[in-house]
Amino acid sequence: MGLAAIVSALTTKAPAGAMLALALTVVAAVMFTVGWRLAVAHRYTAHRRVQIAAVVLSTAVIAAWMVRSFVLYVAPQIPARLSQRAYAVATVHAVVGVIALVLGIYVVLTALKLLPPRLRFTHFKPFMRSSYALYLLGTLTGVLLYAVAYAGLG
Ligand code: HEM
């Protein structure tokens with residue numbers, strides 16, 4: 001497949017919801033990266049606001065679009081079609097995504113002191129670093145899934 005055909009498949013075969021989900025997830029990934037740089041620059045209030053907004057944005061996209069797609073189209077085919085590339089990528093993506101999401105929400109709830117003190121962690125760095133890495137991995141596997149599902153790539 002030539003580049004023009006790939007670009008055309010990626011932009012015409014995908015439903016509008018998938019394109020919007022992709023765009024918003026990329027915005028969230030950029031926000032997470034800006035937020036990380038703010039922490040490096042010791043601008044902690046701005047860091048906190050940006051990261052919380054990014055977690056809220058990605059949680060909304062996942063809840064509004066991805067969970068539905070997963071429940072309707074992927075889950076009923078597991079394990080029967082796990083050997084097919086699209087279903088395998090979707091399953092790996094969902095597992096990475098769930099872990100990233102739970103960890104991200106846990107970090108936000110701890111930062112906002114919304115959890116009882118015994119459930120909060122005190123060492124922020126390892127939790128923040130691993131949730132950032134997992135969010136990026138979730139984004140990469142999501143982009144791969146988009147390419148596999150709508151342009152037959154991968
Ligand atoms: C950190 C968390 C996550 C990130 C960054 C992320 C990112 C993405 C991206 C960029 C796409 C491509 C756009 C699209 O096709 O809609 C995608 C698609 C998808 N994701 Fe996620 N995702 C995350 C969590 C999850 C979770 C928890 C699930 C499962 C419950 C999930 C299931 C799916 C499915 C089924 C699709 C294909 C949707 C479709 O095209 O109909 N994702 N994801």
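**Helices, exposed residues and the ligand shell**

User: How do you know that the length of helix α2 (residues 16-40) agrees with its number of residues?

Analyst: In this predicted model, the 25 residues of α2 should span 36 Å at 1.5 Å a residue, and because the C-alpha atoms at its ends are 36 Å apart, the two values agree.

User: Which residues of α2 are called buried, and what do they pack against?

Analyst: The buried residues of α2 are Ala-21, Leu-22, Thr-25, Ala-28, Ala-29, Phe-32 and Gly-35, a label that requires 20 or more other C-beta atoms within 10 Å. These buried residues of α2 pack against α3 and α5 (124-151).

User: What makes His-42 exposed, and where is His-42 found?

Analyst: His-42 has 7 other C-beta atoms within 10 Å, and since the cut-off for an exposed residue is 12 or fewer, His-42 is called exposed. His-42 lies in the loop between α2 and α3. Its phi is positive, about 65°, although His-42 is not a glycine, whereas most residues other than glycine have a negative phi.

User: How do you know that the length of α4 agrees with its number of residues?

Analyst: At 1.5 Å a residue, the 27 residues of α4 should span 39 Å, and because its end C-alpha atoms are 38 Å apart, the conclusion is that the values agree. Among the buried residues of α4 are Tyr-87, His-93, Gly-97, Leu-101 and Val-107, and the buried residues of this helix pack against α3 and α5.

User: What angle and distance describe the packing of α3 and α4, and which residues make the contact?

Analyst: Helix α3 (residues 44-74) and helix α4 (residues 85-111) pack at an angle of about 145°, and their axes are 10 Å apart; the crossing is left-handed. The contact involves residues of α3 including Arg-48, Ile-52, Val-55 and Phe-70, and residues of α4 including Tyr-87, Ala-94, Gly-97 and Val-108. By class, the residues of this contact divide into 12 nonpolar, 4 polar and 1 charged, with Gly counted as polar.

User: Why is the peptide bond between Ile-78 and Pro-79 worth a remark?

Analyst: The bond that joins Ile-78 and Pro-79 is cis, with omega about 5°, while most peptide bonds are trans. Pro-79 has its place in the loop between α3 and α4.

User: Which residues come nearest to the ligand, and how do the residues of the shell divide by class?

Analyst: Of the 27 residues around the ligand, Met-66, Ser-69, Gly-97, Gly-138 and Gly-142 come nearest. The elements giving two or more residues to this shell are α2, α3, α4 and α5. By class, the shell has 19 nonpolar, 8 polar and no charged residues.

Definitions and conventions. Residues numbered from 1 in each chain as written. Predicted model: local features only at pLDDT ≥ 70, side-chain atom pairs only at ≥ 80, totals over all residues. Axes fitted to C-alpha atoms, helices over the stretch in contact; angles between N-to-C directions. Helix = DSSP H or I, 4+ residues; strand = E, 2+ residues; numbered from the N terminus. Left-handed = near helix turned anticlockwise from the far one by under 90°. Contact = placed C-beta atoms within 7 Å. Expected span 1.5 Å × (residues − 1). Near = placed C-beta within 6 Å.
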